[in-house]
Amino acid sequence: MAAASIQLNVRSIKAPFNLKPISKHSPKLTRISCAAAAATKPPKRYSITLLPGDGIGPEIVSVTKEVLKLAGSLEGIEFNFQEMPMGGAALDLTGVPLPEETLSAARKADAVLLGAIGGYKWDKNEKHLKPETGLLQLREGLKVFANLRPATVLPQLVDSSTLKKEVAEGVDLMVVRELTGGIYFGKPRGFGTNEKGEEIGFNTEVYAAHEIDRIARVAFEIARKRGGKLCSVDKANVLEASMFWRKRVTALASEYPDVELSHMYVDNAAMQLVRYPKQFDTIVTNNIFGDILSDEASMITGSIGMLPSASLGESGPGVFEPIHGSAPDIAGQDKANPLATILSAAMLLKYGLGESDAAKRIEDAVLDTLNRGFRTGDIYSAGNKLVGCKEMGEEVLKSVDSAVPAAI
Ligand SMILES: NC(=O)C1=CN([C@@H]2O[C@H](COP(=O)(O)OP(=O)(O)OC[C@H]3O[C@@H](n4cnc5c(N)ncnc54)[C@H](O)[C@@H]3O)[C@@H](O)[C@H]2O)C=CC1
Ligand SMILES: CC(C)CC(=O)C(=O)O
């Protein structure tokens, strides 16, 4: 099993998911030597657990699997894919959102590629029988506490952003979201009645010192390899859990003198993200704020259909998934943008398996496909070619296949 450990991955991050236009890509001479080496060396083999899930999940995972296969094969990598039920699909099949067999397969794999879970059909289920509960169980079960969510405005998509060109252009930020703690997991939680006998629902935002320290360290390490700026987002003017968060993050700053640490309240951060997003380099925040702010950041880049993510733990396989959900409103219509999932596969290769050359093949191919004018509906603008999920996948495959070494 390849260790997708934070140590390994953070050390290997030079500029985490820093997508640049194709013309700026490093000379492909390196890739020629890799490809030549691939021809003589025995293939490297990795096992990948695929969790397509619900809604658009199966559509985007299916095209991504082909892209992963091709990019891998060009670098002498063979994948053994094992598809397992998860979310609503698993509920329908087995009665639970995360069957033991699925978690066990995920634990044994080198990496997990997830589509998305959830849908109207299961919305009224009890908490323990919701698809979303399965996702939380997966994250907890694999102990993937660090969720990296890069948001980069690609030059090709600057007109797809809902923000003015001069605001969106050049944005390149990374949200480091704590993923296995906070209010999504805190106890006590549940339903009950208050002293007046009135019905209530309640949750608890709680963070232990070690949970804050480990995510803060990941964020400092990432910031140090990016632009050297870390903004910790909290609600320390109101919440004790945030006051404690800020205290721990501040205490760690002395270990990273090369990183400029700032703090921001989450309400201000939400506003600053649309006012002047270029001020941000790396953001570290808790589970719920990270969930919300990264969805907001996605629209700066043009669409939530563009944003990938990597969820990593101290050891064991990472989980790689788009930041969006199962989009039931467009499911089964071949309208989904598969690029967030395809780019998640690039993160899988880079951060999960340490296969940066294969990852770069995918990143380059996505840029090439956009350069060739292919757009799904969510990122469409006049003058481009409107395609569905499948065709977008096919075009990315063509770009992977036809990558011509720039140095020759
Ligand atoms: N990681 C996961 O699996 C997540 C699952 N969910 C679940 O997904 C379901 C739907 O949730 P929503 O709040 O509607 O969020 P959503 O992210 O699924 O959809 C929000 C909007 O973005 C659009 N969209 C999302 N992904 C797209 C893509 N790849 N291409 C084009 N358009 C895309 C959708 O059509 C929709 O209009 C719920 O059951 C929710 O719990 C929500 C977030 C994350
Ligand atoms: C679906 C939930 C479990 C969480 C969520 O919205 C997310 O992590 O993106």
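**Figure 1. The ten-stranded open sheet of the predicted model.** Ten strands, in the order S2-S1-S3-S12-S11-S4-S5-S10-S8-S9, make up an open sheet with mixed pairing. Its edges are strand S2 (77-83) and strand S9 (260-265), each of which pairs on one side only. On average, neighbouring strands of this sheet are turned by 25° against each other, direction ignored. Strands are taken to pair if DSSP finds at least two bridges between them; helices (H or I, at least four residues) and strands (E, at least two) are DSSP runs numbered from the N terminus. Residues are numbered from 1 along each chain as its sequence is written, and chains are lettered from A and ligands numbered from 1 in the order in which they are written. As this is a predicted model, local features need pLDDT of at least 70 and side-chain atom pairs count only at pLDDT 80 or more, whereas totals for chains, interfaces and linings use all residues.

**Figure 2. Strand S1 beside strand S3, and helix H8 across the sheet.** Five bridges link S1 (residues 44-53) to S3 (residues 111-116) in the parallel sense. Gly53 has Ala116 of S3 as its bridge partner. Helix H8 (residues 209-225) lies across strands S4 (146-152), S5 (172-178), S8 (229-234) and S10 (282-285), and runs at about 165° to S5. Axes are lines fitted to C-alpha atoms, for helices over the stretch in contact, with angles from 0 to 180 degrees between N-to-C directions.

**Figure 3. The shells around ligand 1 and ligand 2.** Ligand 1 has 21 residues around it, of which Gly118, Gly305, His324, Gly325 and Asn337 come nearest. This shell comprises ten nonpolar, seven polar and four charged residues. Around ligand 2 are Glu132, Leu135, Leu136, Asp291 and Ile323; three are nonpolar, two charged and none polar. Helix H6 (residues 131-141) supplies the largest share of the ligand 2 shell, three residues. A residue is near a molecule if its C-beta atom, placed from the backbone, lies within 6 Å of it. Ala, Val, Leu, Ile, Met, Phe, Trp, Tyr, Cys and Pro count as nonpolar, Asp, Glu, Lys and Arg as charged, and the others, Gly among them, as polar.

**Figure 4. The contact between domain 1 and domain 2.** The protein chain is divided into domain 1 (43-144 + 308-402) and domain 2 (158-302), with bounds from an automatic or database domain assignment. Nine residues of domain 1 are in contact with ten of domain 2, contact meaning C-beta atoms, placed from the backbone, within 7 Å. H6 gives the most to the domain 1 side, with three residues. By class, that side has four nonpolar, two polar and three charged residues. The C-alpha centres of the two domains lie 24 Å apart.

Figure 5. Strands S6 (residues 190-193) and S7 (residues 199-202) pair in the antiparallel sense over four bridges, and Thr193 stands opposite Glu199. Five residues separate the strands of this hairpin, and Gly197 in the turn has a positive phi of about 80°. In the loop between S5 and S6 lies Pro188, joined to Lys187 by a cis peptide bond with omega about 5°. Ala327, although not a glycine, has a positive phi of about 40°; its place is in the loop between strand S12 (318-320) and helix H12 (339-352).

**Figure 6. Confidence along the protein chain.** The mean pLDDT (the predictor's confidence in each residue, from 0 to 100) is 91, and 89% of residues reach 70 or more. Where pLDDT is low, the predicted coordinates should not be read in detail. The model scores ipTM 0.98 and pTM 0.91.

How values were computed: Contact = placed C-beta atoms within 7 Å.
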